[in-house]
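Colleague: Could you walk me through how to read a strand and a metal site in a model of this kind, starting from the general idea each time?

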Amino acid sequence: MSDLQIRQFPCLSDNYGFLVHDPDTGETATIDTPDADRILAEAEAAGWTITQIWNTHHHFDHAGGNAAIRAATGAKIIAPGYDAHRIPDIGLKVGDGDTVNLGTHAARVHYTPGHTLGHVCYHFADDGLAFVGDTLFALGCGRLFEGSPQQMWASLSRLAGWPDETRIYCAHEYTQANAAFAVTVDPDNRDLAAYAAQVEAERARGEPTVPTTIGAEKAANPFLRAADPAIRKHLRLETADNAEVFAEIRRRKDAF
Ligand code: ZN
Ligand code: FE
């Protein structure tokens, strides 16, 4: 069984497009569809034919290109069943615990409500990588448009349970702005300081900061660190529960 091949490229103002290709079977999935023209051009440049569309959630910068890509390729749309009323033409409705196959590789579907109420992540556990849409970002997390802080905290906690080396493909390049905020709630975290410096250097060279890893995020991302004593002390929330601490960090980020 050959390794999955991943082609990552910028779309729209700050999204990433991802094409995932199984060389053994030729199956190719686009993870979300931020920009149909760009995604189709990238597939052509790689010599791949898109056979599947995997959506993480219904937002336009994630599912807006579904119809055009499906019209061009006949690709099957795989999307959360929860979003069936707002993502047209779903060929396979998925929910928590389902397995989705890309050729010989299998991804487990994790239901991760918070950013939206239908959001799912796709975890290729055997390959050590995951596509997490707008749930977890490098040094950040998605805004709570539909879900509650309790739901998002539970979703992020589930991702934090994956192995540290898991490569995390998030859907946006927000890391520099996220770092600027993160240091305001966790100013003495050396791992965060080192991570932020690395991000500055990468962006100065025009390089992506995605993918990240679960281990790097657990060490530096304040949205995964609601249990951390230093952050709690800084926020004066020593006795609050983790979801409350998370909610306060999210509130501060929204106002930052
Ligand atoms: Zn979104
Ligand atoms: Fe998005």
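This is a predicted model: local features need pLDDT of at least 70, side-chain atom pairs count only at pLDDT 80 or more; totals for chains, interfaces and linings use all residues.

Colleague: How many residues of strand S10 are buried?

Modeller: Strands are DSSP runs of E with at least two residues, helices are runs of H or I with at least four, and both are numbered from the N terminus; buried means under 20% relative accessible area, exposed over 50%, and partly exposed in between, with a 1.4 Å probe and protein chains only. In S10, residues 129-133, five of five residues are buried. Leu 129, Phe 131 and Gly 133 point one way, whereas Ala 130 and Val 132 point the other way.

Colleague: In which sense does S10 pair with S9, and in which with S13?

Modeller: Two strands pair if DSSP finds at least two bridges between them. S9 (residues 120-124) and S10 pair in the antiparallel sense over three bridges, with Phe 124 opposite Leu 129, and they form a hairpin with four residues between them. S10 and S13 (residues 167-170) pair in the parallel sense over four bridges, and here Leu 129 stands opposite Arg 167.

Colleague: Which residues coordinate the iron ion (ligand 2)?

Modeller: Donors are N, O and S atoms within 2.8 Å of the metal (3.2 Å for Na, K and Ca), and since water is not among the atoms, sites may look incomplete. The iron ion is coordinated by Asp 61 (OD), His 62 (NE2), Asp 134 (OD) and His 172 (NE2), at 2.1 to 2.3 Å.

Colleague: Why is the arrangement around the iron ion irregular?

Modeller: Four donors count as tetrahedral if all angles lie between 85 and 135 degrees; four count as square planar and six as octahedral if opposite donors are over 155 degrees apart and all others between 65 and 115; anything else is irregular. The four donor atoms around the iron ion subtend angles of 84 to 168°, which makes the arrangement irregular.

Colleague: Which residue coordinates both the iron ion and the zinc ion (ligand 1)?

Modeller: Asp 134 coordinates both, and the two ions are 3.2 Å apart.

Notes. Residues are numbered from 1 along each chain as its sequence is written. Chains are lettered from A and ligands numbered from 1 in the order in which they are written. Side-chain values use heavy atoms; hydrogens and water are left out.
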